[in-house]
Structure formats: C-alpha cells, structure tokens
There are 2 protein chains.
Amino acid sequence: MPAEPDTFIEIVAYDWVPAAARGHVRDLRVRWALEEVGLRYRTRLIDVQNKPTAYYAEQPFGQVPAYREGDIHLFECGAIALHIAEKDERLMPRDPAGRARAVSWLFCALNSIDPFLTGMSVIRFNSGDAPWQDEARAVIAKPLERRLALLADALGARSWLEDRFTVGDLMMVATLRSLSFGTLAVPAAISDYVARGEARPAFQAALAAQLADLKPDREGVPA
Amino acid sequence: MPAEPDTFIEIVAYDWVPAAARGHVRDLRVRWALEEVGLRYRTRLIDVQNKPTAYYAEQPFGQVPAYREGDIHLFECGAIALHIAEKDERLMPRDPAGRARAVSWLFCALNSIDPFLTGMSVIRFNSGDAPWQDEARAVIAKPLERRLALLADALGARSWLEDRFTVGDLMMVATLRSLSFGTLAVPAAISDYVARGEARPAFQAALAAQLADLKPDREGVPA
C-alpha cells in the first residue's frame, strides 16, 4: 500500500534520445518500480540537448530521473527505487533479514556491476577513432566476466537472486540489460535471468511508457 | 540510539593488502559509519589472496566488507552504511525530506562518481604495459571532471552536501578519496570537502582501526 496515496508522483525524463538509448534511459527503472506496485505517476519531460539550467538544482549532473512526491525530492535511480520499494511488500520483503538481502542486491547492481559497464560504455562512445578502444574495453570486460560467472553461481537454480522477486532483481536486471551493448561472455543463466525480468508485465508497461514519451525524431538528428 | 544495542555487529575485512590499498579498502567506510554513531563491532579477517570458498555465500564476489548483526546479513558498503545510518540521526535526518536528500547523495557517490573511478582504476592496474593506458584513462577522466565541477557547484559554500553531515557525505568523501590515485583536475572546493571529511574524529578512528588489522608485510610480497 502506498504510504501517501493522495500525493502525486512526478518523474523527470527526456523528450527525445538517440535510437540506441531508447529503452535504456534510467527513468525506465523508476517507471518499472512504480508499475510493479501499481502507483500512478506523471512525467515532466526535458530536452537532453538543452537542459534547463534550473534542473541542475534538482539533479546535480542534469541527468534523469529525478522524482518528486510532495516535499520528498529524490535523484539517482537507486535512491528512487528504494523509496518506492519501501512502500510495498511486492518489491521489499517486510522481514528485516529479507530486506537486508534485497537492499544488498540493489547496491550490488549499482556499485559492483554497473561501474564496469559504465567504464566500457564511456570508452566506446568517447574514444573517437582511437585504435586501442577494443583493447581497453576488453581490459574492463575481464573482471566483469568474472563477476557475471559468480553472479550466476549466486543465482543458482532460482528464478531470482533470493526466493522471490525484489527491488534487488529489478535493479540487477535493469543494469544487466546494458550487456547487449557489449561483446561479453555472458553465462546463459544470466541471459535467462534478464529475459525473465524483461518478461514481467510491469517491465513491459514501463518500457512502453518510456518509448511513448520519446518524440520519434529530431530535426537534423537521426532518431 | 542503536535499534538493537545487545546484538553484536561483525564486519569482514582483510588481514593484509598491498601498501597502495591500505586505508582504501571498503570496510573503512563501514567502520567510519559505526564510529560516527558510536557502535562497537568486531572484525573477522580473511586472506585476500586465499579467500575461503564459503565466504562467497556471504559476498557473491568474495569482496569485503560483509556485515552481520543477528540474522541480518548485508554486503555492499552502500547497503551496510544505509543500515547503520538508519539507526541514528547523526547520519540520517529523521524528516522524510532530509532523509531523501541523504539517501540520494549516498547513491550518487556509488553510482554517479564511483563508476568513473573504478573504470580508471581497472585500466591502470590491469593494462600491463599497454601504451594506450594513459589515453584511455583520460577518456574516462573527462566526464568525471565535468561531474566534479558540478558537484562543487552543488556543494556551494556549505561544508557538506546538505546543511549538515549525513551518510551521503560519508560515502561521497570516502569515494572521492580515490581521486588521489589519478591525475585529475579536481576543484579546490572538492579537495577541501574531502579533507573536512577525513578530519572527522570518527574517520580517523576508522582509519586507525583498519590499519591496525592489517599485518605489516607478507612473505614474498612487499608491503
């Protein structure tokens, strides 16, 4: 049950991004969490190429998402997902031991998996024609592949990282979806896990909502 | 006040690391949080070069820290710091709006700053003699330097990211301490902020405790 059912939730997202980023902008994660617990929200769309100066007061780096619910203002998809999860047992177990596991996996996705993907992504998109970029990405890929193998071990034969879906799975699946950008050795158990997450109706609804908010193209910029 | 004053807190740390890692292993962040709120803890030390196989059940990647408090088992320094902060107003404001800001900064440190530092660190330590490594690190440094400038803007003339010290500052300072590993353009306001954090008695106590747990050297490996 939402803690404050009458307070409107607003998230900030972009009104356009290039084709490769569609379905991957991080407001998707917040939309997904809201869909899982059945909370309605409105979106405020900003221009990724011309961000309002005032927006930096809401999000220090001008990124999305940001989140407002009455006088609660959050940024960072992890902080927002945690806030939403705390409202509802469907994302966060009520027992302290189960809660501890879910929160650990939430941070694990964002601080033990994402940094390698971010590093590879920065090298890919910001290195121009540098001849060494594949080699540099391979250096970052190697410890990530080790972690993916260990993550598959942790998952074992279960559908989710614990004995039920939690906000930890939501963030882990959302993070691992970036693997499609690379050429990594991904264990089949991890690919299957991501596919299971993407098959959830709440994920599909969130994805459709993000895509619906994105204008199809932009003058002078191919979509 | 601790929620469960009679439950023993145990953290897992290493008994030895190379000289460059001393004072930077992430159990330091947990020790710092515990020192800020005056909670006692015991350490269980493991061998970084020969990790017990059973430990992977506690921490999926075999890293430290891990944390136990009765039947609450946590991993990831962010999850543990959040858990400790939730016990005590000195790290976490009690009003929902203030709490939202502190949690946002906690995630910001770990998911909007750390990934760049991790990427640079992996390139530095895993690229062998590759002639392109400085160039690759510079590619990752550029967006990080932009974020450091924006973080300095967010800090403004305040001592901390909000109007008081929170767990968000603890994690941001701990993350930014890795800047000393690089050759980045760091705004003076950020260096001063890190120095303010490191000057806190709780940080100094945590640092001394980590160093005291590390054996001075290891046969065949210079310290």
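**View 1. Chain A and chain B bury about 4300 Å² between them, 68% of it on carbon and sulfur atoms.** Buried area is the accessible area (1.4 Å probe) that two parts lose on being put together, summed over both. On the side of chain A, F61(A), F107(A) and W132(A) lose the most area to chain B, together 17% of what that side buries. The model is predicted: local features need pLDDT of at least 70, side-chain atom pairs count only at pLDDT 80 or more, and totals for chains, interfaces and linings use all residues. Residues are numbered from 1 along each chain as its sequence is written, chains are lettered from A and ligands numbered from 1 in the order in which they are written, and side-chain values use heavy atoms, with hydrogens and water left out.

**View 2. In the contact between the chains, 50 residues of chain A meet 50 residues of chain B.** Contact means heavy atoms within 4.5 Å. Twelve residue pairs, both at pLDDT 80 or more, are in polar contact between chain A and chain B. A polar contact is a pair of N or O atoms within 3.5 Å; within protein, one must be able to donate a hydrogen and the other to accept it, and residues adjacent in sequence count only if both atoms are side-chain atoms. β4 (72–75), α2 (77–85), α3 (96–126) and α4 (133–155) of chain A each supply at least two residues of the side that touches chain B. Helices (H or I, at least four residues) and strands (E, at least two) are DSSP runs, numbered from the N terminus. The largest share of that side, 22 residues, comes from α3(A). By residue class, the side of chain A that touches chain B divides into 31 nonpolar, nine polar and ten charged residues. Here Ala, Val, Leu, Ile, Met, Phe, Trp, Tyr, Cys and Pro count as nonpolar, Asp, Glu, Lys and Arg as charged, and the others, Gly among them, as polar.

**View 3. Two salt bridges are found across the interface of chain A and chain B.** The rule asks for a side-chain nitrogen of Lys or Arg within 4 Å of a carboxyl oxygen of Asp or Glu. One salt bridge joins the side chains of R99(A) and E86(B), at 3.7 Å from N to O.

**View 4. The sheet of chain A is open, with four strands in the order β2-β1-β3-β4 and mixed pairing.** Two strands pair if DSSP finds at least two bridges between them. At the edges are β2 (42–46) and β4 of chain A, each pairing on one side only. On average, neighbouring strands of this sheet are turned by 20° against each other, direction ignored. β1 (residues 9–14) and β3 (residues 66–69) of chain A are antiparallel and share three bridges. Here I9(A) has E69(A) as its bridge partner, and E10(A) stands opposite R68(A).

**View 5. β3(A) and β4(A) run antiparallel and are joined by four bridges.** Across this pair, E69(A) stands opposite I72(A), and R68(A) stands opposite H73(A). The hairpin has two residues between the strands, and G70(A) takes a positive phi near 65°. α2(A) lies across β3 and β4 of chain A and runs at about 135° to β4(A). Axes are lines fitted to C-alpha atoms, for helices over the stretch in contact, and angles run from 0 to 180 degrees between N-to-C directions.

**View 6. In chain B, four strands form an open sheet of mixed pairing in the order β2-β1-β3-β4.** β2 (42–46) and β4 (72–75) of chain B each have a single partner strand, so one side of each is left without a neighbour in the sheet. Helix α1 (residues 27–36) of chain B lies across β1 (9–14), β2 and β3, at about 150° to β1(B). β3 (residues 66–69) of chain B runs antiparallel to β4(B), with four bridges between them. R68(B) has H73(B) as its bridge partner, and A66(B) stands opposite F75(B). In the hairpin of β3(B) and β4(B), G70(B) takes a positive phi near 60°.
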